[in-house]
Amino acid sequence: MRQERWGVMAILLADVGGTNARLAIARNGSIDTQTVTRFRGDDHATFDDVVRQFMQEQDQPRISAVCVAVAGPVSGGKARLTNRDWDFDQDRLARLTDADQVRLINDLTALGYATPVLGGGGLATLRTAPADRARNGQALVVNLGTGFNVCAVRNLPGGAIAAMEAEEGHTKLPVHIHQRLLDAVGPDAIKGFTSTEEAFAGRGLSRLHAALTGTAPVRSEEIDRAADAGDPAACATYFLFTDLVGLLCRELALRFMPLDGLFLAGSVARSIADRMDHFDASFLADPYMRHIPENTPVFLIRDDMAALHGCLAALS
């Protein structure tokens, strides 16, 4: 194996979204936090340009492997960002970095790979479950942010894990959630909630608030600030939205049975963390198969480097 001047080979990790790309170097199985660098997407025409700049800033380390988490679908060693005109190609990255191993994964898949190593201040417990419950080695990451998606995780013998790709955001809403929304916003506004993502991503929260208040849509962050300040309309929106998230997570708990934990991620998920009493009421509302959500702990991923940790785990 090729060796760097100072010892071991370096691994290049990247977490790439529509707004920013975060890159880092890992050595000896851990991320060198001093190398973590954020790049604004608007400042670079391509991701390859970002890699070249980062490698130069890091004194051209000898790279043995690369893993990039992409906020978009990955197929056949190629990917494209959903919200920026950047494309990714494993073969091209191998030539660019001279790496022997290159892997592209979806950003939710990266969070799935990270779940076994999350802890401390990077993970908050939102609801507990009985310590003596039966476990099945299964977990689920649910991202509520700019988009919506999930990643099912399975712990395998020997300590390895499998993180499953999905496109849950593009599924249709369950009938009872659709009916709850219809009752709240009416037949005209319901037409905007065409998929799970359109209802539960940040723009879904924005659309819900506009429909409930009869006002123009505002960013979900503004609704969050207004609710924290005690604005009654914003609080009402969040109460309903959190109820709906609880209903959806109940469906996901039955679908994936994540008895090792349901991990919420994303800016919208963080904004409902203080409203878990409404979440729990909906999560446990249906007595049918209630023992599954009752025995499912719910966590909030707070670690901004979680996807980078997942990229490192995906290479092992």
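User: Where in the chain is D59 found?

Analyst: D59 is found in the loop between α1 (47-57) and β4 (63-70). Keep in mind that this model is predicted.

User: How do I read its backbone? What is the phi of D59?

Analyst: Start with the general idea. Most residues other than glycine have a negative phi. Now the case here. D59 has a positive phi of about 65°, and it is not a glycine.

User: Is D59 buried or exposed?

Analyst: D59 counts as exposed, because its relative accessibility is 58% and exposed means over 50%.

User: Now D98. What is its phi, and where is its place?

Analyst: The phi of D98 is near 60°. That is a positive value in a residue other than glycine. D98 sits in the loop between α2 (90-97) and β8 (101-106).

User: Why does D98 count as partly exposed?

Analyst: Look at the accessibility. D98 has 48% relative accessibility, so it counts as partly exposed. Partly exposed runs between the buried limit of 20% and the exposed limit of 50%.

User: Let us turn to A166. Which loop does A166 lie in?

Analyst: A166 lies in the loop between β12 (161-163) and α4 (175-189). At 26% relative accessibility, A166 is therefore classed as partly exposed.

User: Which residues is A166 in contact with, leaving aside its neighbours within four places in sequence?

Analyst: Those residues are N149 and V150.

User: How far apart are A166 and A152 in sequence and in space?

Analyst: Read both distances. Along the sequence, A166 and A152 are 14 residues apart. In space, their C-alpha atoms are 8.1 Å apart.

Key
Residues numbered from 1 in each chain as written. Predicted model: local features only at pLDDT ≥ 70, side-chain atom pairs only at ≥ 80, totals over all residues. Heavy atoms only, no water. Helix = DSSP H or I, 4+ residues; strand = E, 2+ residues; numbered from the N terminus. Buried < 20%, exposed > 50% of the residue type's maximum accessible area, 1.4 Å probe, protein only. Contact = heavy atoms within 4.5 Å.
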